[in-house]
Amino acid sequence: MSILSNLYTEGCVPVQKSDDRTALSKFWRVLRENGWAMVKINLLTLIFALPAIAWHFLVNFISSANNLLIPYSANIGIGVNVVTDAVSAGIEQAFRFDVLRWLVMIPLIMIAFIGLAGSFYTMKTILRGEGEAKIRVFFRGIKKCWLWFLIISLPIAVLVSALSISVGAFSVYSSLPIAMRVLAIVGSALLLFLAVLFALFMTALSMTYEMKIGKVMKNASLFSVALIHRSVIVLAICALPVVLSVVMSQLLAMLFVVFFMLIGISFIALICSVYTQWAFDRFIEEPLRPKSQKKGKKYTKRAK
């Protein structure tokens, strides 16, 4: 991957590893040895997501109450002189609630990302042998990394809202050409994927190395382009619990919701951290190690 030969590596100190475990074995080791700690980290992260969760349920409640007060389920006369299709009016009203929901969700998603700073930082410290999955490490991560996560959360929150509104508008604005409506959905989804991919590497680089913002963005862009085929698989695995909760039966969906509430966020943070730390070890740190510390040799663990 010649594109990664342009990575900025000045000042990056390789971590001397104690073994040659694969990324998959590291994942299972962390999950096995820090399972209960990951549950606690997950619950702490959910605290920052509570405003978004509460707002989501509040909008659902208001929308349901509105449907009860106004009978949108049948064609009746609405207004004095004009008879309106009540079903269409109900769809448009529901869409207005969705627009309001996702516009307000933008700052609420940004608040949730502050919690993700602590979760991802904790996973990074475990994988690099710099600490354990403890509550104080979680809050240290927020203190050190909240600004990076807050900055990158803005475009992601905007794109999540744009995609959700585009999906809702597909059936409402049927007068628009179908190609335009499909393009809005596909374009929003593609931009969201690229933003999440860039954010994954940018935040991981900012937590792992001391780099200026320009160097971090350059390296994140190179990793995003060069490893996009692997990243698609990793992000698909991360999204799998959410997808299964949507397509499975109600009982199984509830089980996935319980899983996500207990350890889901920490689980996703661990998958992403294992992946990014693997990429950094292979393409940044491995070339910088002396020959005696290359892969296949035994190392002495040293904290960053």
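A search of the whole structure finds 1 cavity of 30 Å³ or more. A cavity here is a set of points, on a 1 Å grid over the protein atoms alone, where a 1.4 Å probe fits but cannot get out; a pocket is an open set with protein on both sides within 12 Å along at least five of seven lines, and lining residues have an atom within 4 Å of a point. Grid points are joined across faces, edges and corners, and a volume is the space filled by probe spheres set on the points.

Before I continue, a word on the source. This is a predicted model, in which local features need pLDDT of at least 70 and side-chain atom pairs count only at pLDDT 80 or more, while totals for chains, interfaces and linings use all residues. Residues are numbered from 1 along each chain as its sequence is written, and side-chain values use heavy atoms, with hydrogens and water left out.

Let me return to the cavity. The volume of the largest cavity is about 50 Å³. Its lining consists of Phe120, Lys124, Leu200, Thr203, Ala204, Met207, Ser273, Thr276 and Gln277. At least two lining residues come from each of α3, α5 and α8, and α5 gives the most, with 4 residues. By class, the lining of this cavity has 4 nonpolar, 4 polar and 1 charged. In this classification Ala, Val, Leu, Ile, Met, Phe, Trp, Tyr, Cys and Pro are nonpolar, Asp, Glu, Lys and Arg are charged, and the others, Gly among them, are polar.

I turn to the overall architecture. The chain has 8 helices and 0 strands; helices (H or I, at least four residues) and strands (E, at least two) are DSSP runs, numbered from the N terminus. Of the 304 residues in the chain, 43% are buried, where buried means under 20% relative accessible area, exposed over 50%, and partly exposed in between, with a 1.4 Å probe and protein chains only. Among contacts with a separation of 6 or more, 76% join residues 24 or more positions apart, a contact being heavy atoms within 4.5 Å.

Next, the largest pocket. About 1900 Å³ of space lies within this pocket. The pocket has 46 lining residues, and Leu116, Val242, Phe260, Ile265 and Ile268 lie nearest its centre. Which elements supply at least two residues each to this lining? They are α2 (35–69), α3 (86–127), α4 (135–172), α5 (178–208), α7 (228–247) and α8 (250–285). The largest share, 11 residues, comes from α8. The pocket lining divides into 41 nonpolar, 5 polar and no charged residues.

Now the packing. A nonpolar core is a set of buried Ala, Val, Leu, Ile, Met, Phe, Trp, Tyr and Cys residues joined through side-chain atoms within 4.5 Å. The largest such core has 74 residues, and Phe201, Phe223 and Phe280 have the most contacts inside it. Two or more residues of this core come from each of α1 (23–33), α2, α3, α4, α5, α6 (213–226), α7 and α8. The largest share of this core, 15 residues, belongs to α3. Apart from it lies another core, of 5 residues, including Leu44, Ile114, Phe138 and Ile142. As for Phe201 itself, setting aside residues up to four places away in sequence, this phenylalanine touches Ala220, Phe223, Ser224, Leu227, Ser231, Tyr275, Thr276, Ala279 and Phe280.

Two further positions deserve mention. Isoleucine 271 is in helix α8 and counts as buried, at 13% relative accessibility. Beyond its neighbours within four places in sequence, isoleucine 271 is in contact with Phe27, Val234, Ile237 and Cys238. Isoleucine 271 and leucine 235 are 36 residues apart in sequence, with their C-alpha atoms 9.0 Å apart in space. Arginine 29, in helix α1, also counts as buried, at 16% relative accessibility. Arginine 29 and leucine 127 are 98 residues apart in sequence, and 9.7 Å apart in space from C-alpha to C-alpha.

Finally, the cysteines. How many disulfides does a search of the whole structure find? The search finds 0 disulfides, a disulfide being a pair of cysteine sulfur atoms within 2.5 Å. Cysteine 238 is in no disulfide, and the nearest cysteine sulfur, in cysteine 272, is 3.6 Å away.
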